[in-house]
Amino acid sequence: MSAGDSAAVSAVEGKLSELSTSCDLRTLPRRGKPASARTLNTAQIPLVASHPEVYEPCDDSFALVDALLSDKAQLLTLQPSLCMEVGCGSGYVITSLAIMLRQLGSGTQYLATDINPHAVDTTQATLEAHGIHADVIATDIVSGLEKRLAGMVDVVVVNPPYVPTPEEEIGMKGIASSWAGGLNGRQVIDRILPAVRELLSEKGCLYMIALEDNDPLGICHLMNEKGFASRVLLKRCTEEESLYVLKFWHDATVSTNASQSGKSPGSESSWLSPFKSFWHKSGNSS
Ligand SMILES: C[S@@+](CC[C@H](N)C(=O)[O-])C[C@H]1O[C@@H](n2cnc3c(N)ncnc32)[C@H](O)[C@@H]1O
């Protein structure tokens with residue numbers, strides 16, 4: 001185990017280093033359409049910490065929280081013991097999730113990771129401003145946590161760096177790591193997915209943002225081949241991008257269907273139908 005890995009594990013055990021005082025706590029400025037024009041109630045939490053090197057909640061963050069809100073009844077029924085965010089940034093998403101599930105009480109624990117140490121401090125400040133405890137760890141995706149958390153996480157939320165960029169922008173320090181997604185914006189996503197699959201419990205589910213350019217259908221196919229059913233919970237078109245919130249959960253029956261559909265492209269397979277039904281429902285013609 002490397003020095004970085006053991007630091008990550010001790011953080012899980014609650015030995016968190018002192019919070020940096022450089023975070024600025026303030027009311028979250030609103031972006032995007034006015035509330036009246038939104039189709040869903042965009043979640044708003046009163047206080048979100050910020051730092052110049054940390055991703056400020058934006059349309060993608062709001063879409064993810066809106067999708068979680070739309071699935072709140074299922075999340076409550078799931079009664080998750082452990083919820084996790086990979087790439088927590090300001091802490092807006094994990095804090096919103098914890099507030100949403102507050103009625104479950106102390107039976108639900110929260111964990112968040114980010115590769116940017118400023119994001120770790122900022123997330124801690126946001127969580128504390130709302131009286132929520134979570135372990136927040138500076139690590140690459142879930143590095144150092146794989147063994148300890150294998151099959152234990154019931155809910156994972158991810159708003160990954162998804163913007164297509166030159167490969168060399170991947171892994172840059174600070175704010176650049178928030179968006180740099182490499183070829184097709186998939187370079188970090190394709191490392192997150194297998195790592196998260198290992199952590200998810202039998203009843204666990206993953207909520208993840210993807211961009212049209214990331215090939216969300218291809219991501220669903222990939223996950224289906226690994227035994228996960230998929231659904232598009234939300235699609236939102238902003239001026240700059242078409243965002244999807246995808247949900248994945250274990251379903252032993254889908255991998256056979258996915259591999260069969262690979263042999264006969266164009267057939268109406270069950271792994272594809274959640275995507276199609278969403279598109280039909282929302283008036284898309286694809
Ligand atoms: C698009 S931002 C999302 C931030 C926040 N979750 C939100 O929705 O507002 C992506 C976040 O992922 C983090 N990140 C990028 N690469 C990562 C990696 N390899 N491991 C962990 N976090 C990473 C970035 O530092 C950034 O905070």
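Let me start at Pro-160, which sits in the loop between β6 and α7. This is a predicted model, so please keep that in mind throughout.

Is Pro-160 buried or exposed? With 26 other C-beta atoms within 10 Å, Pro-160 is buried. The cut-off for that label is 20 or more. Leaving out neighbours within four places in sequence, Pro-160 is in contact with Gly-87, Val-188, Ile-189, Ile-192, Met-208 and Ile-209. Pro-160 and Asp-60 are 100 residues apart along the sequence, yet their C-alpha atoms are 9.7 Å apart in space.

That kind of pairing leads to the whole chain. The protein chain has 286 residues, and buried residues make up 43% of them. Its secondary structure comes to ten helices and nine strands. Take the contacts between residues at least 6 apart in sequence: 75% of them join residues at least 24 apart.

How many of the six residues of β6 are buried? Six of the six are, so β6 is largely enclosed by the rest of the structure. On one hand, β6 pairs with strand β3, residues 82-86; four bridges join them, and the two run parallel. On the other, five bridges join β6 to β7, and these also run parallel. The chain gets from β6 to β7 by way of α7, and this β-α-β crossover is right-handed.

You can follow the pairing residue by residue. Val-153 has Leu-200 of β7 as its bridge partner. Val-157 of β6 stands opposite Glu-85, and Val-157 also stands opposite Tyr-207 in β7.

Next is β7, residues 200-211. Nine of its twelve residues are buried, so β7 too is largely enclosed by the rest of the structure. One of the pairs is Ile-209 with Val-245 in β9.

That brings us to the core. As background, nonpolar side chains in soluble globular proteins tend to be buried together. In this model, the largest nonpolar core has 70 residues. Which of them touch the most other members? They are Leu-64, Val-156, Val-157, Tyr-207, Ile-209, Val-245 and Leu-246. The element that gives the most to this core is β7, with eight residues.

Not counting residues up to four places away in sequence, Leu-64 touches Val-93, Val-157, Asn-159, Tyr-207, Ile-209 and Val-245.

Asn-159 takes us to the ligand. There are 24 residues around the ligand, and the ones that come nearest are Ser-61, Gly-87, Gly-89, Ile-115 and Asn-159. By class, this shell has 13 nonpolar, nine polar and two charged residues. Three elements, α2 (59-70), α4 (92-100) and β4 (109-114), each supply at least two residues of the shell. Gly-87, one of the nearest to the ligand, is also among the contacts of Pro-160, where we began.

Asn-184 is in the loop between β6 (153-158) and α7 (189-199). Its phi is positive, about 55°, although Asn-184 is not a glycine. Asn-184 has 15 other C-beta atoms within 10 Å, so it counts as partly exposed.

Asp-215 lies in the loop between β7 and α8 (216-225). Its phi is near 65°, again a positive value in a residue other than glycine. Asp-215 has 16 other C-beta atoms within 10 Å and is partly exposed.

Arg-148 belongs to helix α6, residues 146-149. Why does Arg-148 count as partly exposed? Because it has 13 C-beta neighbours inside 10 Å, and a residue is called exposed at 12 or fewer. Along the chain, Arg-148 and Leu-199 are 51 residues apart, and their C-alpha atoms are separated by 9.0 Å.

That is what I have for today.

Note on methods
Residues numbered from 1 in each chain as written. Predicted model: local features only at pLDDT ≥ 70, side-chain atom pairs only at ≥ 80, totals over all residues. Pairing = 2+ DSSP bridges. Right-handed = clockwise from strand over helix to strand, strands pointing away. Core = buried A, V, L, I, M, F, W, Y, C linked by C-beta atoms within 7 Å. Contact = placed C-beta atoms within 7 Å. Near = placed C-beta within 6 Å. Nonpolar A, V, L, I, M, F, W, Y, C, P; charged D, E, K, R; others polar.
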